[in-house]
Amino acid sequence: MWQKAGGGMTTVEVLVIGIGGFIGAVLRLLLSDLLNHKRRMPIGTLLVNLAGSLFIGIIFGLGLSKMWTMFLVSGFAGALTTFSTLQKEVIEQWQSGRKKDAVYYVILTYGIGIMLAYIGYFIVSI
């Protein structure tokens with residue numbers, strides 16, 4: 001009944017990722033709409049990217065099954081985090097003359113994001 005979809009994934013795996021992605025994308029949209037304000041650092045986008053980084057570290061540290069990892073990391077966290085939006089916002093800040101804010105935004109997102117992923121992994125691995 002369930003056959004391999006393209007790329008060696010089963011149809012169930014594709015559906016699991018899609019369901020997780022739907023939930024993560026809706027949550028991201030709600031948080032961004034609630035917390036992002038023009039002319040200030042986009043806190044909603046920063047928050048979802050940092051929370052997603054911590055979450056991914058925790059999930060990898062827990063060593064869950066392949067199916068749960070696909071649902072939570074590839075689906076949910078993949079759609080929750082948004083580096084394409086980050087890049088758009090950095091360009092907007094830069095073009096509007098807020099270059100210092102753009103640099104801080106990139107440093108906060110990548111520097112703290114990588115650190116949080118490691119902390120999440122470390123916390124559940126001990």
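I call a residue buried under 20% relative accessible area, exposed over 50%, and partly exposed in between, with a 1.4 Å probe and protein chains only. Lys88 has a relative accessible area of 45%, so I log Lys88 as partly exposed.

**Ground rules**

I am working on a predicted model, where local features need pLDDT of at least 70, side-chain atom pairs count only at pLDDT 80 or more, and totals for chains, interfaces and linings use all residues. Residues are numbered from 1 along each chain as its sequence is written, and side-chain values use heavy atoms, with hydrogens and water left out.

**Salt bridges**

I looked up charged pairs first. Side chains of opposite charge can pair when their charged atoms come close. My rule for a salt bridge is a side-chain nitrogen of Lys or Arg within 4 Å of a carboxyl oxygen of Asp or Glu. By that rule I count three salt bridges.

Entry one is Lys66 with Glu13, whose closest N and O atoms are 3.3 Å apart. Lys66 lies in helix 3 (residues 66–80) and Glu13 in helix 1 (residues 11–35), so this pair ties together parts 53 residues apart in sequence. I take helices as DSSP runs (H or I, at least four residues), numbered from the N terminus. I then checked accessibility at both ends. Lys66 is exposed at 55%, whereas Glu13 is buried at 9%.

Entry two is Lys88 with Glu92, at 3.4 Å from N to O. Both sit in helix 4 (residues 83–95), four residues apart, which is about one helical turn. Glu92 is partly exposed, at 41% relative accessibility.

Asp101 is partly exposed, with a relative accessible area of 29%.

**Helix 4**

Next I checked the length of helix 4. The expected span is 1.5 Å times one less than the number of residues. For the 13 residues of helix 4 that gives 18 Å, and the end C-alpha atoms are 18 Å apart, which agrees.

Which residues of helix 4 are buried? I find Leu86, Glu89, Val90 and Gln93. They cover an arc of only 105° around the axis, so they lie on the same side of helix 4. I took that arc from the directions from the helix axis to the C-beta atoms.

What covers these buried residues? The cover includes helix 2 (43–62) and helix 5 (99–125). Contact here means heavy atoms within 4.5 Å. The face turned away from the buried side carries the exposed residues Ser84 and Gln95.

Last, I looked past the end of helix 4. Gly97 follows the helix, and its phi is positive, near 90°.

Technical notes:
Helix = DSSP H or I, 4+ residues; strand = E, 2+ residues; numbered from the N terminus.
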